[in-house]
Amino acid sequence: MGATENNELEYQIIETAKQLFIEKGFVETNMSDIAAKVGINRPTLHYYFRTKDRMFQAVFGSIVMSLLPKVQEIIQQELPFIDRVSLILDKYITLFTENPDMPKFICGEIQRDVNHLLDAAKEMQFEETFLIIKERLLMEMEAGRLKKVPIHTVFITFYGLLTFPLITKNLITSIFLKDTTDFSVFMLEWKQYILFHLMNLLGIEKEN
């Protein structure tokens, strides 16, 4: 098997594992499920990923790496802070709209075993990106461009307002919207609501 075929099979394994982890959860998914879905045997699967934890790291890594480099690039741009947040929200909304069960999966893993999730992040050295985001926030606060607010408050406001509509999508669609196609329009409107709350929280004046 050539290098290209190896890479294609590894990608297929990771995508299949991600689908099963999201559908069934990490604990309820076993390596045999993944191998069967891909159409390979267990020894072949173990050639690529010896343990389920390694598989989880690959899946979590594929999720985070589809987003974090873009976030890191945006946060370092010389734009007004709220404009950078708006661009970051666009990336999140696109990712979660294309993968609607992903927020539920991540929230579920946080509740199930947050240390397992954090260990996976540490193993893959994702802390660097989070530190850059934190340092940029603190720099803006120290320069007086943002109100001094605890970092955890900013984090909870951003992610809480972003993820709640996504994990309650079925309820929102059933009660408030005509059909599922309206949800993307709703998320664009909701994005403005998130920005409004962040601007109030951080003392950012709206430009005319």
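Rings of Phe, Tyr and Trp are taken as paired if their centres lie within 6.5 Å. In this predicted model, Phe21, Phe26, Phe56, Phe60 and Phe105 form one aromatic cluster. The whole structure holds 14 aromatic pairs. One of them joins Phe56 and Phe60. Their ring centres are 6.0 Å apart, with 10° between the planes, and the pair is stacked. Both residues belong to helix α4 (residues 52-65). They are four residues apart there, so about one helical turn separates them. Phe56 and Phe60 are both buried.

A second pair, Phe158 and Tyr159, has another geometry. The ring centres lie 4.9 Å apart and the planes meet at 75°, so this pair is edge-to-face. Phe158 has a relative accessibility of 10% and therefore counts as buried, the limit being under 20%. Tyr159 is partly exposed, with a relative accessible area of 24%.

Lys52 lies over the face of Phe26, at 4.4 Å from the ring centre.

Charge pairing was examined next. Side chains of opposite charge can pair when their charged atoms come close. The count comes to seven salt bridges. Among them is the contact between Lys24 and Asp33, at 3.1 Å from N to O. Lys24 is partly exposed, at 38% relative accessibility. Asp33 is also partly exposed, with a relative accessible area of 23%.

Lys191 and Asp90 meet in another salt bridge, at 2.7 Å from N to O. Lys191 lies in helix α11 (residues 182-202), and Asp90 lies in helix α6 (residues 81-98). The pair therefore ties together parts that are 101 residues apart in sequence. Lys191 counts as buried because its relative accessibility is 8%, and buried means under 20%. Asp90 is partly exposed, with a relative accessible area of 31%.

Glu109 pairs with Arg112, the closest N and O atoms being 2.8 Å apart. The two residues are three apart in helix α7, so about one helical turn lies between them. Glu109 is buried, at 4% relative accessibility. Arg112 is partly exposed, with a relative accessible area of 34%. Elsewhere, salt bridges that share partners join Arg84, Glu140 and Arg145 into one network.

Helix α7 (residues 102-123) also contains Ile110. Ile110 is partly exposed, at 37% relative accessibility. Together with Val114 and Leu118, Ile110 makes a nonpolar surface patch of about 230 Å².

The mean for the protein is 87, and 96% of its residues reach 70 or more. Confidence is highest in helix α2 (residues 31-38), at a mean of 94. Helix α7 has the lowest confidence, at a mean of 83. Where pLDDT is low, the predicted coordinates should not be read in detail.

How values were computed:
Residues are numbered from 1 along each chain as its sequence is written. This is a predicted model: local features need pLDDT of at least 70, side-chain atom pairs count only at pLDDT 80 or more; totals for chains, interfaces and linings use all residues. Side-chain values use heavy atoms; hydrogens and water are left out. Patches are made of residues with over 30% relative accessible area and no salt bridge: like charges are joined within 9 Å, nonpolar side chains (Val, Leu, Ile, Met, Phe, Trp, Tyr) within 5 Å. Accessible areas come from the Shrake-Rupley method with a 1.4 Å probe; for residues, only the protein chains shown count as cover. A salt bridge is a side-chain nitrogen of Lys or Arg within 4 Å of a carboxyl oxygen of Asp or Glu. Buried means under 20% relative accessible area, exposed over 50%, partly exposed in between (1.4 Å probe, protein chains only). Rings of Phe, Tyr and Trp (its six-membered ring) pair if their centres lie within 6.5 Å; planes under 30 degrees apart count as stacked, over 60 as edge-to-face and the rest as tilted. A charge sits over a ring if NZ of Lys or CZ of Arg is within 6 Å of the ring centre and within 35 degrees of the ring normal. pLDDT is the predictor's confidence in each residue, from 0 to 100.
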